[in-house]
Amino acid sequence: MENPSFLNIRPASALVEAAREPEPFILDPILSPGTAALIYGPTGVGKSFAALGLALAAASGGSFLGWTAPRPYNVLYLDGEMS
């Protein structure tokens, strides 16, 4: 009868071989793949323009305020401020 334990013991060499390279940042170093971002602050300081600039840079593979996207990415922009 096998041990029903969920614990699998592996040698360190197997873990090193299984490790994958980290995915590059979408906009280095502020936005990585699989993350969500929230920009908040007082009214009228430019949050919407900054968010749109970041989204455009990520979607086009361009840059914004010194942050550069290495390639174009799919972007979902949600604005929760409007009614």
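Leaving aside neighbours within four places in sequence, K47 is in contact with I39, Y40, G41 and P42. The model described here is predicted. Residue K47 belongs to helix α2, which covers residues 47–60.

**Helix α2**

- K47, A51, G53, L54, A55, A57 and A58 are the buried residues of α2.
- These buried residues of α2 pack against β1 and β2.
- K47 counts as buried because its relative accessibility is 19%, and the cut-off for burial is under 20%.
- S48 is also found in helix α2.
- With a relative accessible area of 27%, S48 is partly exposed.
- Beyond its neighbours within four places in sequence, S48 is in contact with Y77, D79 and E81.
- The residue G61 follows α2 and has a positive phi, near 75 degrees.

**Nonpolar core**

- The largest nonpolar core consists of seven residues: I26, L27, L54, A57, A58, A69 and Y73.
- In soluble globular proteins, nonpolar side chains tend to be buried together.
- Core member A57 is in contact with L27, G62, S63, F64 and A69, its neighbours within four places in sequence left aside.
- Among these contacts of A57 are L27 and A69, which are themselves listed in the core.
- L54, A57 and A58 belong to the core and are also among the buried residues of α2.

**Largest pocket**

- Rolling a probe the size of a water molecule over the atoms shows where empty space is left.
- The largest pocket holds about 690 Å³ of space.
- Its lining comprises 25 residues, and A37, L38, I39, A51 and Y77 lie nearest the centre of the pocket.
- By class, the lining has 16 nonpolar, six polar and three charged residues.

**Backbone geometry**

- Most residues other than glycine have a negative phi, and most peptide bonds are trans.
- The peptide bond from D28 to P29 is cis, with omega near 0 degrees.
- P29 is located in the loop between α1 (12–18) and α2.
- L65, a residue other than glycine, has a positive phi near 50 degrees.
- This residue, L65, lies in the loop between β1 (63–64) and β2 (67–68).
- L65 counts as exposed, because its relative accessibility is 66% and the cut-off for exposure is over 50%.

- L7 is placed in the segment before α1.
- At 63% relative accessibility, L7 counts as exposed.
- From C-alpha to C-alpha, L7 and G34 are 28 Å apart in space, and they are 27 residues apart in sequence.
- S48 and P24 are 24 residues apart along the chain, and their C-alpha atoms are separated by 25 Å.

Methods. Residues numbered from 1 in each chain as written. Predicted model: local features only at pLDDT ≥ 70, side-chain atom pairs only at ≥ 80, totals over all residues. Heavy atoms only, no water. 1 Å grid on protein atoms, 1.4 Å probe; cavity = no way out; pocket = protein on both sides within 12 Å on 5 of 7 lines; lining within 4 Å. Points joined across faces, edges and corners; volume = space filled by probe spheres on them. Nonpolar A, V, L, I, M, F, W, Y, C, P; charged D, E, K, R; others polar. Core = buried A, V, L, I, M, F, W, Y, C linked by side-chain atoms within 4.5 Å. Buried < 20%, exposed > 50% of the residue type's maximum accessible area, 1.4 Å probe, protein only. Contact = heavy atoms within 4.5 Å. Helix = DSSP H or I, 4+ residues; strand = E, 2+ residues; numbered from the N terminus.
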